[in-house]
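Please read along with the model beside you.

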Amino acid sequence: MGKRLFILIGLAIVVATLGVMAFSGPRVPTVAAPQTLPTLAPGGVTAFTPPPAATASPAPSAAAQLFAPTPAPSTSSPSHSTAPTPTNTPGPAATPAPTNTPAATSTPAATSTPAPADTPTPTSTVKPAAVQGQPLNGLVIGVDPGHQGKANNELEPESPGSSTMKKKVSSGTQGVSTRTPEHEVNLNVGLYLRDLLKGAGATVIMTRETADVNISNAERAQLFNKKDVALGIRLHCNGSTDNSVTGAFMLIPKSNPYKAECEKAAKLVLAAYGRTTGIGIKKGITVRSDQTGFNWCERPIINIEMGHMTNAEEDKKLSDKEFQKKMAQGIFEGILDYFE
């Protein structure tokens with residue numbers, strides 16, 4: 001009886017399995033391992049060896065297969081019930097969207113950089129002189145009215161390190177007819193010239209503005225060095241043993257770091273002076289190596305001899321206050337020509 005019961009149970013399991021397979025839709029046939037039929041163990045007990053599973057995973061029980069929902073037909077591969085569906089794979093949406101990247105507006109805008117207007121425009125670099133009629137704006141010009149009220153006969157080296165000694169300041173000449181001292185004419189012209197240069201925007205370095213001083217020729221030259229003048233001009237009148245000699249001329253240093261500039265300035269200033277005053281300039285330019293006021297100077301420097309006070313007619317002109325303004329104007333125009 002026990003033997004029959006066991007066989008009936010086995011048949012029922014087989015029938016149930018076949019029924020489940022019938023309702024589970026078409027499947028790709030799989031090759032199952034040969035099933036071993038029940039055999040009788042010694043002593044009349046029947047032993048059953050279950051068929052090996054088609055897959056590595058344990059097969060579901062017959063009851064679980066019997067009551068499992070029937071899968072709906074699908075166009076996917078027959079093994080779709082065990083393989084993950086495409087929707088299980090993270091889609092492109094899982095990648096951060098472009099909008100997650102900081103937008104361009106998060107970068108400092110171009111307007112955060114100082115605009116070109118913050119940089120001085122070309123017109124702001126133009127010297128005020130170009131706008132206000134000051135062509136010498138920013139220039140430092142030295143003016144040395146030669147001599148002084150009282151001569152200084154003490155000696156000083158003619159040049160740095162020289163053994164040759166000269167008077168610190170000589171007395172100068174005087175008008176043969178007016179008896180006007182040279183230092184007075186030089187100072188008057190120097191003060192007029194100072195005002196013209198300042199009006200044109202220049203910074204003017206005066207070695208003296210009065211007759212009552214005691215400044216040596218070497219000290220005057222050193223003042224021009226210290227102030228780093230763009231041009232130094234020494235104002236003098238000349239004297240001669242021949243009272244027929246007339247005219248203005250220029251002196252320039254034989255040795256100077258700016259010798260070419262000295263010569264250029266001398267030509268232009270002398271030409272403008274003669275043109276403005278009418279005083280002859282036939283003698284032109286003379287090179288000198290024996291002037292203390294030149295030898296101690298390391299800046300461009302010239303010396304104008306504005307005329308001969310030993311000539312009666314020229315003395316009258318040089319000593320006249322109104323003509324002295326014309327003399328200053330001529331020198332001023334020559335300086336403008338040099339810096340133009």
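**Ground rules.** I count a contact when heavy atoms lie within 4.5 Å. I worked from a predicted model, in which local features need pLDDT of at least 70 and side-chain atom pairs count only at pLDDT 80 or more, while totals for chains, interfaces and linings use all residues. Residues are numbered from 1 along each chain as its sequence is written, and side-chain values use heavy atoms, with hydrogens and water left out.

**Entry 1: one residue to begin.** I looked up Ile 331. Not counting residues up to four places away in sequence, Ile 331 touches Val 189, Leu 193, Ile 233, Leu 235, Val 269, Tyr 273, Ile 304 and Met 306.

**Entry 2: the whole protein.** I noted 10 helices and 10 strands. Helices (H or I, at least four residues) and strands (E, at least two) are DSSP runs, numbered from the N terminus. Of the 340 residues, 33% are buried. Buried means under 20% relative accessible area, exposed means over 50%, and partly exposed is in between (1.4 Å probe, protein chains only). I also looked at contacts between residues at least 6 apart in sequence: 75% of them join residues at least 24 apart.

**Entry 3: the cores.** I took a nonpolar core to be a set of buried Ala, Val, Leu, Ile, Met, Phe, Trp, Tyr and Cys residues joined through side-chain atoms within 4.5 Å. The largest one has 38 residues, and Leu 197 and Ile 331 have the most contacts inside it. At least two residues of this core come from each of strands E3 (140-145), E6 (203-206), E7 (231-238), E8 (249-253) and E10 (301-308), and from each of helices H5 (182-199), H7 (259-277) and H10 (321-339). Which element gives the largest share of this core? I found that H10 does, with 7 residues. There is also a second, separate core of 11 residues, which includes Ile 205, Ala 221, Phe 294 and Cys 297.

Entry 4: Two packed helices are described by the angle between their axes and the distance between the axes. Axes are lines fitted to C-alpha atoms, for helices over the stretch in contact, and angles run from 0 to 180 degrees between N-to-C directions. Angles under 35 degrees count as roughly parallel, over 145 as roughly antiparallel, 65 to 115 as roughly perpendicular and the rest as oblique.

- H7 and H10 pack at about 140°, with their axes 7 Å apart. That makes H7 oblique to H10. The contact includes Ala 265, Leu 268, Val 269 and Tyr 273 of H7, and Met 327, Gly 330, Ile 331 and Gly 334 of H10. By class, I noted 10 nonpolar, 5 polar and 6 charged residues. Here Ala, Val, Leu, Ile, Met, Phe, Trp, Tyr, Cys and Pro count as nonpolar, Asp, Glu, Lys and Arg as charged, and the others, Gly among them, as polar.
- H5 and H10 pack at about 50°, with axes 8 Å apart. H5 and H10 are therefore oblique to each other. Among the residues that meet are Val 189, Leu 193 and Leu 197 in H5, and Ala 328, Ile 331 and Phe 332 in H10. The contact of H5 with H10 divides into 11 nonpolar, 3 polar and 2 charged residues.
- Helix H9 (residues 312-319) and H10 pack at about 85°, with axes 5 Å apart. H9 and H10 are therefore roughly perpendicular to each other. Lys 317, Leu 318 and Ser 319 of H9 make the contact with Lys 321, Phe 323, Gln 324 and Met 327 of H10.

**Entry 5: Met 327.** Leaving aside neighbours within four places in sequence, Met 327 is in contact with Val 185, Val 189, Tyr 273, Thr 277, Met 306 and Leu 318. The C-alpha atoms of Met 327 and Thr 276 are separated by 7.4 Å, though the two are 51 residues apart along the chain.

**Entry 6: Arg 234.** I found Arg 234 in strand E7, and at 5% relative accessibility Arg 234 counts as buried. Among the residues that Arg 234 touches are Asp 144, Asn 217, Gln 291 and Phe 294.

**Entry 7: positive phi.** Asp 228 has phi near 55°, a positive value in a residue other than glycine. Asp 228 sits in the loop between helix H6 (217-227) and E7, and is partly exposed, with a relative accessible area of 46%.
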